[in-house]
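Thank you for making the time this morning. I would like to take you through one model, and I will say where each cut-off comes in as we go.

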Amino acid sequence: MVIKMDILEKPPVGVEPLYELLRTTSKHYKLFCIFYAAMNIRLFDCLESPKNPRELSEALGVDSRLVHVLCEVLTDLGFLKKRGGSYMNTKIADTYLKRNSIYSQYEVLMNLQGGFKLWENLTDILKNGPVRADEQDFFHDNMIHALAAEHLTGELQKTVEIVKRLPEFRRARSLLDLGGGHGLYAIAFAMVNPNLKAYVFDLPEVIKDTKAYIKRFGADRIETIEGNLFTDNLGKHDIIFFSYNPAGKNPNIVPKIHASLNDGGLFISKHAFYHKGEGSKNRLLDLEWNLTTWKGIKKGDKIYSFIGDLNYEDYLKLLKEYFTIKKIIKPEKFGSISLYEFGDTLDSKIIIAKKRTSLK
Ligand SMILES: C[S@@+](CC[C@H](N)C(=O)[O-])C[C@H]1O[C@@H](n2cnc3c(N)ncnc32)[C@H](O)[C@@H]1O
């Protein structure tokens, strides 16, 4: 079919906003691919000491001309420095981009890449509905590792600083890291309180990862418990730490946590709540949230929301029936930098609540 049109006539509206969006998307996607590939070939591990492109090519088994250009890009971005014809890591690359660094962000890049694969299927998902996933598998492969890496960049240390100042924490002998995943919080809490025994409770597949972290950090006084927090017994503890869990706003968990605390025990909850009538916190993340469904628990429409969740106001009301709220801490005091993905702190709060012995 021939469309009769006058190509000399300018379009009715300028293309600038669209091209601006495509330009930044195109640039940043390519940059992401560079970091992803560089970490995959272990470029930054190799550049702990200076190497020229020929040496890099031999050590990594990659094309010397391409790796040369890649190094030039990374130098322009401030992740490598160049001396003569050789390249070497800058401090930020040495800290976060080596695969063997304690602060390595390799798993974060893997996780972002996994997310992109899902986004690439958006057309199919729009036509056929969300991808069905097993919650356990989602966390086990590789969300829990990405969260561990993200939290190690600052959120973990800030959270531990807040908790370690609490007199109840200093007196505590038993702490439950409920849905602890990687278990880094339990590991860190036991490090700062030498009298503390910490238990990481999580789904069986995820506990395999927890055990690997305990081994990796040579942690003492940590035990793991495999279970489902909705159905299994949680034991009895002085502190229950509950961070970023699907059941974080579920009303049935509050009495269960109360019953699993010793007298005067503390419940420390870190979750993103929705105020009564609150809309979206982030539309892109809402869409990402809805690309998958999990077996066993029904997601709500908005990021981090589940069917049956309480809103913030009603949650606090319920909490006050069982606990005395001691402190509510804003995300500026502990949160991570946003990566525009599942795992972002958004406006999460840490609620510190003390067990009431006589209920309201
Ligand atoms: C978002 S991760 C948070 C991990 C860790 N607490 C943190 O703050 O980084 C949620 C964790 O809750 C666990 N989880 C989810 N549903 C659970 C359930 N029904 N019983 C026990 N653990 C559960 C997941 O396996 C995962 O390790």
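The ligand is surrounded by 21 residues, of which the closest are Glu135, His182, Asp202, Leu229 and Ser243, where a residue is near a molecule if one of its heavy atoms lies within 4 Å of it. Please keep in mind that this is a predicted model, in which local features need pLDDT of at least 70 and side-chain atom pairs count only at pLDDT 80 or more, while totals for chains, interfaces and linings use all residues. Residues are numbered from 1 along each chain as its sequence is written, and side-chain values use heavy atoms, with hydrogens and water left out.

Looking at individual atoms, a polar side-chain atom of Glu135 lies 2.9 Å from a nitrogen atom of the ligand, and a polar side-chain atom of His182 lies 2.7 Å from an oxygen atom of the ligand. From Leu229, it is a backbone N or O atom that lies 2.9 Å from a nitrogen atom of the ligand.

Now to Ser269, which sits in strand β8 (residues 261-271); strands are DSSP runs of E, at least two residues, numbered from the N terminus. Ser269 counts as buried because its relative accessibility is 1%, buried meaning under 20% relative accessible area with a 1.4 Å probe and protein chains only. Leaving aside residues up to four places away in sequence, Ser269 touches Phe242, Tyr315, Lys349, Ile350 and Ile351, with contact meaning heavy atoms within 4.5 Å.

Met1, by contrast, counts as exposed, because its relative accessibility is 96%, and exposed means over 50%.

Definitions and conventions: A polar contact is a pair of N or O atoms within 3.5 Å; within protein, one must be able to donate a hydrogen and the other to accept it, and residues adjacent in sequence count only if both atoms are side-chain atoms. Helices (H or I, at least four residues) and strands (E, at least two) are DSSP runs, numbered from the N terminus.
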